[in-house]
Amino acid sequence: MTDWVLPDGVLRDAPSHTPRPAELADLELLLSEAYAPLTGFLAGADAASVARRGTLADGTPWPVPVTLVVPVEVAERLDPGQPVHRLLILTDPEGAPVAAVEAMELTEVRAGWFRVGGPVRRVGAPEHGAFRRLRRTPDQVRAGLPDGRVLGVIATRPLHRPQLAQIGNAARTIGAHVLIFVPVAGPTPEGLAPEVLVRSILAASDRIPPATIVAVPLASHGDEVRDGLLRARVAGNYGATHLLSTGVAVGGGIRVVVPRDFAYDNRDGQWRPMDDVPPRQRRTAMSVDDINDLLDRGSPLPEWHTPPAVARELRKARPPRHQRGLVLLFTGLSGAGKSTVARGVGDALAESGERRATTLDGDVVRRMLSAGLGFSAEDRDRNIRRIGFVAAEVARHGGIALCAPIAPYARTRAEVREMVHAVGADFVLVHVATPLAVCEERDRKGLYAKARAGMVPSFTGVTDPYEEPTDADLTLDTSKLSVEEAVEEVLDFLVSGGWLDPL
């Protein structure tokens, strides 16, 4: 797809929008022509036909609705009937223009949000971050492939010896060159960052037949079967003639290779098809939970199962829990004791010197990080997201972040959990479940009295709801526990989970 050179005035005056991460991933695949025959985001008829029948409106097979939605304030600046007013600039998260979409159709899909359908063209040089050299287009990859069969492999997880044996066996069986696709649109199912997955695949590349490795922003669209069909379509556009099955039905004109089950042969230390190994001499592949448990405890991954180079990458990405970053989010009503307990935990960590900790108290953050925000639902969410962002950065670098906002809404607490997991750190939700009556009786700041008098609008627990967590990892009630006892419960939880060494 050729670049679109737009006059500076057009770039300046046209509305702009930063798509969501999954939409940005779709955009990159549209621009690279990995989504051929699509040339843009689907309009209403095509989107409805794909959702209903798995084909575009003209009958062309296509598995997933590739769509773009924008808020009403962006849609109001677009006019599909006027060529000069239907151009929308799409930017990356830093605000740099990446592409332009011609809004040929606008459709309201829910209150305040509109679907934009129309062709896309690149307007800026792509910025891919880490492993830029692996983000190649289908044309570039196909030009470097040898003649003959090409076995596509979608590597959604690190490749251990059993998976490497399956790939090697399948490639030899059909006489194919191996083309490995590494999805880099987001974390793996186990939470590994995309760059970690790429490093682990590269670390294993010398243990499989000659292979081409390409990083592709394949994002999930929420339907396992449709995602499998989409991956097959993308693999075919990159030049794969066959695709190694991952257990999900695929099609789209590509032949599927079902891998044999492999087992470790204790007699000579080789991985072989399971049927070729006597039952008493077999070792089966370790589960993901088994692998993560060893990493969490700092135990080595066994060499019979994992190549040392792969194990090194996984240890770097998932250090033992006592070295891993951690965010503790204390949530509860005003006056519940969140800040007091969080400070107590921070003091205990400072005294021991075992881990570095940063305390992000709700009131302090309101003054320093979120000055100017009010107490509407939207501003409360912004405040918690800001706390979550800073806390995740603390945890990214191996620290412990102790956060003590009210955090009244379950959705936003879940967003913070996702932020933390995305950087490879752990998250613990502590519900300080002190009853409202006790919190109101304490009322050290006089806020409850003002809220009851109508002087403080949108006060949590009085005029604004508090959504009690159903997913708390630890629950404390400071009406039944002293501060010292509550702090001790948190520290005991951290020790039992492996984040702290026993005293």
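The legends below accompany an overview and several close-up views of a predicted model of one protein chain.

**Figure 1. Overview of the protein chain, with its 17 helices and 20 strands.** The C-alpha trace spans about 75 × 75 × 40 Å along its principal axes. Of the 503 residues in the chain, 49% count as buried. Among contacts between residues at least 6 apart in sequence, 66% join residues at least 24 apart. The accessible surface comes to about 23,800 Å², and carbon and sulfur atoms account for 51% of that area. The chain carries 58 positive and 64 negative side chains, and the centres of these two sets lie 4 Å apart.

**Figure 2. The aromatic cluster formed by Tyr264, Trp271 and Trp304.** In the protein chain, the count of aromatic pairs comes to seven. In the pair of Trp271 and Trp304, the ring centres are 6.0 Å apart and the planes meet at 20 degrees; the pair is stacked because planes under 30 degrees apart count as such. Trp271 belongs to strand E14 (residues 270–273), while Trp304 lies in the loop between helix H9 (288–297) and helix H10 (308–317), so the pair ties together parts that are 33 residues apart in sequence. Trp271 has a relative accessibility of 13% and therefore counts as buried. Arg283 lies over the face of Trp304, at 4.8 Å from the ring centre.

**Figure 3. The stacked rings of Phe493 and Trp499.** The centres of these two rings are 6.1 Å apart and their planes stand at 20 degrees, so this pair is stacked. How accessible is Phe493? Its relative accessibility is 22%, and Phe493 therefore counts as partly exposed. Trp499, by contrast, is buried, with a relative accessible area of 6%. The cut-off explains the two labels, because buried means under 20% relative accessible area.

Figure 4. The buried residues are Pro194, Val196, Leu197, Val198, Ser200, Ile201, Ala203 and Ala204. Which elements cover them? The cover includes helix H6 (161–174), strand E9 (177–183), strand E10 and helix H10.

**Figure 5. Thr212 in strand E10 (residues 211–216).** Thr212 counts as buried, at 13% relative accessibility. Residues up to four places away in sequence are not counted in the following list of contacts: Thr212 touches Arg136, Val141, Leu145, His177, Val178, Leu179 and Ile180. Strand E9 spans residues 177–183, and Thr212 touches several residues numbered in that range, including His177 and Ile180. For scale, the C-alpha atoms of Thr212 and Gly497 are separated by 40 Å, and these two residues are 285 apart along the chain.

**Figure 6. Arg267 in the loop between strand E13 (262–265) and strand E14.** When neighbours within four places in sequence are left aside, Arg267 is in contact with Asp276, Val277, Pro278 and Gln281. The C-alpha atoms of Arg267 and Phe131 are separated by 40 Å, and the two residues are 136 apart along the chain.

**Figure 7. The loop between helix H2 (21–31) and strand E2 (40–41), which holds Pro37.** Most residues other than glycine have a negative phi, and most peptide bonds are trans. The peptide bond from Ala36 to Pro37 is cis, with omega near 20 degrees. Glu33 is found in the loop between H2 and E2 as well, and its phi is near 70 degrees, a positive value in a residue other than glycine. Glu33 is partly exposed, with a relative accessible area of 35%.

**Figure 8. Ala407 in the loop between strand E18 (400–404) and helix H14 (410–422).** What is the phi of Ala407? It is near 45 degrees, which is a positive value in a residue other than glycine. Is Ala407 buried or exposed? Its relative accessibility is 4%, so Ala407 counts as buried.

Terms used. Residues are numbered from 1 along each chain as its sequence is written. This is a predicted model: local features need pLDDT of at least 70, side-chain atom pairs count only at pLDDT 80 or more; totals for chains, interfaces and linings use all residues. Side-chain values use heavy atoms; hydrogens and water are left out. Helices (H or I, at least four residues) and strands (E, at least two) are DSSP runs, numbered from the N terminus. Buried means under 20% relative accessible area, exposed over 50%, partly exposed in between (1.4 Å probe, protein chains only). Contact means heavy atoms within 4.5 Å. Accessible areas come from the Shrake-Rupley method with a 1.4 Å probe; for residues, only the protein chains shown count as cover. Lys and Arg count as positive and Asp and Glu as negative; His and the chain ends are not counted. The place of a charge is taken as NZ of Lys, CZ of Arg, CG of Asp or CD of Glu. Rings of Phe, Tyr and Trp (its six-membered ring) pair if their centres lie within 6.5 Å; planes under 30 degrees apart count as stacked, over 60 as edge-to-face and the rest as tilted. A charge sits over a ring if NZ of Lys or CZ of Arg is within 6 Å of the ring centre and within 35 degrees of the ring normal.
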